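Good morning, and thank you for making time for this presentation.

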Amino acid sequence: MLTGAAALGFDALSASPASAAGAILWPNGTTTRPAISSPFGQRPKPNQGASSDHKGTDFVGFSIVRAVADGVVVAAGIPGGWEPGGTQVWIQHDGFLTRSLHMVAGSLAVSPNQTVHAGDVIGTMGATGNVTGVHLHLEVVVGGVQIDPVPFLTARVGGTPQPDPVRGVKEFAVRGGSWSAIPVGYNMSNRFTAVNMGSGWGDLYGSFGGHLRYVGVMGGAWTQMDSGLPLDAYSISALNVGQSFPHIFAVENSVLYHIYADGTGWHKASTGLTVPGKISAVLLPGGNVQIVANIGGYMHHITTHNGWEIGNSGIPIGDEFKAVNVGGMLQIVTLLNGVVHLIWPGAGWQLQSTGIGTSGSLTAVDMGGGYPTVITNEGWSVCVTSVSGGGWVRQSTGVAVSGTIDALNIGGGYPTVYAV
């Protein structure tokens, strides 16, 4: 629901493709090569443990790391034997493999087996592993051999770059007794959030084209609008706080922002907190906003009791997680080592395995019963995991969608899932 959207500066948009088929980009998501701090090949060892035979190129001067081409993620995290590379993403493209190393722990926007497109956000440039400073180490592998990425990409960069990639939105729900996915006819960034504003449909917010954008139902029809508010977020979460518009929390350049609307338009205010990782916000009773963040692989808890405050719980958390209000209590669902885990506050923070193995994009929603309902996009099918008969049970919907997902409880006894 977007009451008075036009008065707040939203402009209608038409759907458009994410990028030209087969486009190749630089890891900053453009056709302009970023600055190089250390080229491919022989070099003096920069520190103890580093190699003098540099098998990649080190890039600097940007923060958001993007896929250089269409492909499938084959590794995300810290692969065994590659610990000096820190947090990394490996993508198999058509005829070559890329490895992006040293990214910020907790910043990864992709999971193994996920399909990505040229320009998709995969993480944030960092300094994990054996490094001397913040940079992106990019490798290109052809036929099992690491080659110089610069001439390889220079010869191939082209197509229509889209620094903020978008894909078609699908609404995925139970209709007529069975699950089905229906395209809504508009695009959204793969870094998006869904919020239930009481209209009977989900409202989706994300940033692409450098602005905060909206996809939702107005006047009985799906539409897309531009808020005009500058935003390049790599993590975003929206809450219904009982007003005409949601309150949105977004991480941009490692700073947590609070975004809200009033009669004069949309506004973005810094919380003053540095959050170099993903976030998920939840509204608890009494208007109590709490935010969960993955910083360095550990769950950080952000509250507003005495201004914006952040604390490290000491509990490990995966790159895929969702904070949920379950019966007035904060519960967090996360994917750790390929298994769904539950985190909740008790006598200190508690971490418990559900025993359910899964992969891909993960979200969760309160459907009743005292536990969150977990939805995962596993490539071959969207699966729903919930507590039944005293234990966790996973069921396949039998319908496959691609991309990132979020879910809402908007009635009908089943979650409504949105996929980009």
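I begin with a definition: a residue is called buried when its relative accessible area is under 20%, exposed when it is over 50%, and partly exposed in between, using a 1.4 Å probe and protein chains only. By that rule Phe249 is buried, because its relative accessibility is 2%.

This is a predicted model, in which local features need a pLDDT of at least 70 and side-chain atom pairs count only at pLDDT 80 or more, while totals for chains, interfaces and linings use all residues. Residues are numbered from 1 along each chain as its sequence is written, and side-chain values use heavy atoms, leaving out hydrogens and water.

Let me turn to confidence. The pLDDT is the predictor's confidence in each residue, from 0 to 100. The protein chain has an average pLDDT of 86, and 90% of the residues score at least 70. Over residues 1-21, however, the pLDDT is below 50; this stretch has 56 contacts in the model beyond near neighbours in sequence, a contact meaning heavy atoms within 4.5 Å. Residues 159-165 also have a pLDDT below 50, with 31 contacts beyond near neighbours in sequence. Where pLDDT is low, the predicted coordinates should not be read in detail.

Next, the strands. Helices (H or I, at least four residues) and strands (E, at least two) are DSSP runs, numbered from the N terminus. Two strands pair if DSSP finds at least two bridges between them. An open sheet is formed by 4 strands in the order β24-β25-β26-β27, with antiparallel pairing. Its edge strands, β24 (279-284) and β27 (309-316), each pair on one side only. Inside this sheet, β25 (residues 288-295) and β26 (residues 298-303) pair in the antiparallel sense over 5 bridges. Ile295 has Tyr298 of β26 as its bridge partner.

Ser386 has its bridge partner, Val393, in β35. This hairpin has 2 residues between the strands, and Gly389 takes a positive phi near 65° there.

What lies in the core? A nonpolar core is a set of buried Ala, Val, Leu, Ile, Met, Phe, Trp, Tyr and Cys residues joined through side-chain atoms within 4.5 Å. The largest one has 24 residues, and Val65, Val89, Ile91, Phe96, Ile122 and Leu153 have the most contacts inside it. At least two residues of this core come from each of β8 (87-92), β12 (136-142) and α1 (149-154). Leaving aside neighbours within four places in sequence, Leu153 is in contact with Ile24, Trp26, Val68 and Leu138.

I close with the aromatic rings. Rings of Phe, Tyr and Trp (its six-membered ring) pair if their centres lie within 6.5 Å; planes under 30 degrees apart count as stacked, over 60 as edge-to-face and the rest as tilted. The structure holds 11 aromatic pairs. One of them joins Phe249 and Trp308 edge-to-face, at 5.8 Å centre to centre and 70° between the planes. Phe249 lies in strand β21 (residues 247-252) and Trp308 in the loop between β26 and β27, so this pair ties together parts that are 59 residues apart in sequence. Trp308 counts as partly exposed, at 28% relative accessibility. Elsewhere, ring pairs link Tyr205, Tyr214, Phe245 and Trp266 into a cluster.
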